[in-house]
Amino acid sequence: MIIDEIGRIGETYTPEYLNREEITQMKMVTCIIRPEKLESITNTLDKLHIVGMTVTDVRGFGRQKGQVEHYRGGEYTIRFIPKVRIDVVVPDEDVKKVIEAVSRTARTENVGDGKIFVTNVENAMRIRTGEVGTSAL
Amino acid sequence: MKSLKMKTFLILAILGVSALMGFATLAKAEGTALTDQDLTSISAPASTDEIAAKGDPGADFTGNVRDVTVSDSKKGLTLADLANQAGQNKIAINFVWTLICGFMVMFMQPGFALVETGLIRAKNANHTMMMNFMVYSLGLFAYYVCGFAIQMGGVAPVANLGGLYPLNGEHVVNFLGKPWALFGTKGFFLHGTSYDVGVMVMFLFQMVFMDTTTTIVTGSCAERWKYSAFCVSTIGLGAIIYPLFGNWAWGCGWLSQLGVNFGLGHGYCDFAGSGVVHAVGGLTALACAMIIGPRIGKFNRDGSPNAIPGHDLVLVLLGCFILAFGWFGFNPGSTLGASGNGALRIGSIAVNTMLAGCTASFSALLYMWIRYGKPDASMTVNGLLAGLVAITAPSGFVNPIGASVIGWVAGFLVCLSVEFFDRVPKIDDPVGAISVHGINGIWGVIAVGLFADGRSNYGGSWNGVNGSVKGLFYGDPGQLVAQLIGVATLVGIIFTMSFLWNWLVDLIVGQRTSAKAELAGLDIPEMGALCYPDFQLKAQDYAGSSSQTSKAESLSKS
C-alpha cells in the first residue's frame with residue numbers, strides 16, 4: 001500500500017539510531033526584539049557560546065500600540081511594528097542564562113522592548129552527520 | 001501660365017542683375033558696395049500661393065528671403081535688416097543651445113537623487129529622495145534672491161549671449177596696486193535692468209550648475225542629516241558660498257584675472273566647473289560630514305570601518321547614466337553657444353567628456369577587480385562620475401588623448417580616495433561624494449594647468465588674455481600656478497567658509513538627527529512616511545565587533 005511505500009522511503013533516508021531512545025531535554029527560546037538590537041544580542045549569544053540561531057523579520061504589536069502618521073493630509077495608523085524574531089534551541093541547563101542575558105541586552109525600559117517565549121523541543125538532528133539530541137545543537 | 005511667365009521673367013531678371021554686378025566687380029579694381037536697391041530684386045523661390053497649392057515635402061521652398069525680418073515694410077528689405085538678422089540668428093542659436101543644455105543639466109538632479117538613494121538603506125530612502133528633490137527649489141530660490149547677482153552681477157560683456165550689458169555691476173577693491181573683483185552687484189531678484197532676455201538665459205544656465213553643487217552635499221550627509229538643517233545649509237550654499245567662488249572664477253572676479261593682473265597664464269581657467277561646481281560641492285560635503293560625524297555602525301571602537309550596503313544598485317547604475325547624459329549639457333553647454341567665438345568646439349568638448357568618463361570607469365573597475373577580486377558596481381559608478389568631474393574643467397581646452405589620460409587618473413584617484421577617507425581621517429561618506437567631487441574636482445582644476453593644449457580658440461582670448469589656454473605640458477607653467485592658486489582658494493577659503501557656516505547651523509538648528517531616529521530610519525521620524533510601506537524592511541546586521549555595539553545601545557537608550 002502507499003503508506004507502506006512511504007514508510008519504506010522514510011527508512012532509506014533515516015539513519016537507524018533515530019529509533020533509539022535519546023535523552024533530549026532542549027528548549028526553544030524565541031525572542032521578539034527591536035530590530036536595532038539584533039547585533040548586540042547576536043554578540044551576547046556569541047559570548048555565551050550559543051552556536052546557531054534563526055532570525056526572521058516580523059511585525060506585530062503587544063501593548064505597544066501603533067503610530068499615527070499622516071499622508072497627503074489624511075491620518076492613518078501603523079498597527080504592526082517591525083520586530084525581529086530570534087529562535088535559538090538550547091539545552092535545558094542553558095535556558096536560564098540565555099533568557100537573562102538576552103533580556104538584559106534587549107531592555108531599553110521603553111514600551112516595545114519585546115518578549116521571550118520558551119517552548120519544549122522534542123528532538124533535533126544535524127542533517128550532515130545524523131547526530132541527534134543535544135549533540136545536534 | 002501667368003505665374004510661370006512671371007517666374008521666368010524674375011529668374012532672368014536676377015540672372016541679369018547678377019551678371020551686371022559680376023561685370024561691375026570685374027571692371028573696377030575696387031568693387032562698389034551693395035546697396036539696399038540691390039536687394040529689391042531678390043525674390044523667394046516660390047510664392048505663397050504656389051506652396052499653398054502643392055506643399056513643400058522636400059524643403060525646396062521653405063526658408064527664404066521672405067522670412068528675413070523687415071524692420072520697415074514701407075522701405076522693404078534693407079542691408080541693415082540682413083545684418084541684424086544674421087546677428088540675431090547667431091544669438092538665437094546660442095540661446096537655444098545654452099537653454100537646452102541647461103535643461104539637460106537640470107535633468108542631472110534625478111541622476112544624483114537615484115545614485116544617492118540607491119547607495120543608502122531603504123529605511124532612509126524617503127528622506128534622501130526628498131533632500132535631493134528640495135535642493136532644486138531651495139537652491140533656485142536662494143540663487144534668484146541674491147546668488148545670481150553675487151556671482152554674475154558684473155559679468156558683462158558676454159558676446160555669445162548678446163552682451164548681457166545690464167550685468168555691469170561688480171565690487172572691486174584695490175590691493176597691492178591691482179584691482180581685485182570680489183562680487184557682483186546687479187541682478188537681485190532678476191529685477192529692473194536684469195529683466196532682459198539674455199540675462200534670463202544666463203540665469204537658468206548658471207542656476208542649474210549651482211544646483212549640482214548643492215545636491216553633492218546631500219550625498220555625504222545622508223542617513224543622519226536633519227531635514228531642517230539641510231534646508232538652512234543649502235540656502236547658505238546657494239545664496240552666498242557658491243556664488244562667491246563662482247564670481248571669482250566665472251563672473252570676471254579676481255581668480256579669472258590672475259592672467260591679466262599677474263601674468264599667470266590666462267588666470268584661473270575652469271571651463272565648466274570642476275572647481276566652481278564640483279570641488280566647492282565636494283569640500284562642503286567634507287565640511288558637513290566632519291561636523292555631523294559618521295553613521296552609527298559605520299566605525300568600530302578600534303576605528304575599523306564597516307560596509308553598509310545600499311539598498312538598490314539598479315538605481316545607482318541608472319542614476320549614473322542619467323548623470324552621464326546630463327553631462328553632455330554640462331560641458332558642451334559651457335560654451336554658452338554654438339555659433340561664434342570658437343563655439344563649434346562643442347563636438348570636441350562632448351567627445352572629451354565621453355572619453356574621460358569611459359577611461360575612468362575602466363581604471364576604477366580594474367583597480368577594484370584586481371585589488372578585491374570582484375568588479376564593484378558602486379565603485380565603477382564612482383569611477384565614471386569621477387572621470388566626468390575631472391574632465392569638467394579641462395573639457396574645452398584639451399585633446400582626446402589628454403581627456404583619456406585625465407579620466408584614467410581620475411578612476412584610480414577616486415578608489416584611493418574612498419579608501420583613504422574611510423581609513424585615515426575616518427570620515428563617513430555613504431556615496432563617495434567627497435572623493436568623486438571634491439578630490440577629482442581639484443584634480444580637474446590641476447589638469448587644466450597640465451593638459452590644456454593651446455589649440456582651442458574662443459574668440460582669440462580667454463579671461464582677457466590673448467591667445468589660447470595652454471598647460472604645463474604645452475609650454476605655459478604660469479597656467480599651472482594660476483590653477484594651483486584656485487585650488488588653494490578652494491581649500492583655504494571656500495572649505496573654511498562652508499565649515500564655519502555649517503558649524504553655525506549646527507549651533508543654531510542642530511545638524512544631526514537623534515540616535516533613536518537614525519536607528520529607526522529617518523523616513524518615519526523626519527518625513528512621517530516610509531518610502532516602501534509595502535515591504536518588510538530587514539533589520540540591519542553589520543559585521544562589526546561587539547565593542548561598537550555598546551555605543552549603539554547606549555545611543556538607542558536616549
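Student: At what angle do helix 12 and helix 13 of chain B pack?

Tutor: In this predicted model, helix 12 (residues 346–372) and helix 13 (residues 377–392) of chain B have their axes 7 Å apart. Among the residues that meet are B:Ala356, B:Gly357 and B:Ala360 from helix 12 of chain B, and B:Gly383, B:Ala386 and B:Gly387 from helix 13 of chain B. Helix 12 of chain B passes helix 13 of chain B in a right-handed crossing, and the packing angle is about 145 degrees.

Student: Is B:Gly275 buried or exposed?

Tutor: B:Gly275 is found in helix 10 (residues 274–292) of chain B, and, leaving out residues up to four places away in sequence, it touches several others, including B:Ala249, B:Gly441 and B:Leu490. A residue counts as buried if 20 or more other C-beta atoms lie within 10 Å of its own. Because B:Gly275 has 31 other C-beta atoms within 10 Å, it is buried.

Student: How many Å apart in space are B:Gly275 and B:Ala393, C-alpha to C-alpha?

Tutor: B:Ala393 is one of the residues that B:Gly275 touches, although the two are 118 residues apart in sequence. From C-alpha to C-alpha, their separation in space is 7.1 Å.

Student: On which residue is the kink in helix 6 of chain B centred?

Tutor: Helix 6 of chain B, which runs over residues 125–152, is mostly covered, with 20 of its 28 residues buried.

Student: Looking at chain B as a whole, what percentage of its residues count as buried?

Tutor: Chain B contains 19 helices and 4 strands, and its C-alpha trace spans about 100 × 60 × 50 Å along its principal axes. Among its contacts between residues at least 6 apart in sequence, 76% join residues at least 24 apart. Of the 558 residues in chain B, the share that counts as buried is 51%.

Student: What is the order of the strands in the open sheet of chain A?

Tutor: The sheet has 4 strands with antiparallel pairing, and its edge strands, each pairing on one side only, are strand 2 (54–60) and strand 6 (114–121) of chain A. From one strand to the next the twist averages 25 degrees.

Student: Which residue in strand 5 of chain A is the bridge partner of A:Cys31?

Tutor: Within strand 5 of chain A, the bridge partner of A:Cys31 is A:Ile86.

Student: Where in chain A is the confidence lowest?

Tutor: Chain A averages a pLDDT of 83, and 82% of its residues score at least 70. The highest confidence in chain A belongs to strand 1, at 95. At the other end, with a mean of 50, the lowest confidence is in helix 1 (residues 2–13) of chain A.

Terms used: Residues are numbered from 1 along each chain as its sequence is written. Chains are lettered from A and ligands numbered from 1 in the order in which they are written. This is a predicted model: local features need pLDDT of at least 70, side-chain atom pairs count only at pLDDT 80 or more; totals for chains, interfaces and linings use all residues. Two strands pair if DSSP finds at least two bridges between them. Helices (H or I, at least four residues) and strands (E, at least two) are DSSP runs, numbered from the N terminus. Axes are lines fitted to C-alpha atoms, for helices over the stretch in contact, and angles run from 0 to 180 degrees between N-to-C directions. The bend at a residue is the angle between axes fitted to the seven residues ending there and the seven starting there. A residue is buried if 20 or more other C-beta atoms lie within 10 Å of its own, exposed if 12 or fewer, and partly exposed in between; C-beta atoms are placed from the backbone. Two residues are in contact if their C-beta atoms, placed from the backbone, lie within 7 Å. pLDDT is the predictor's confidence in each residue, from 0 to 100. A crossing is left-handed if the near helix is turned anticlockwise from the far one by less than a right angle, and right-handed if clockwise.
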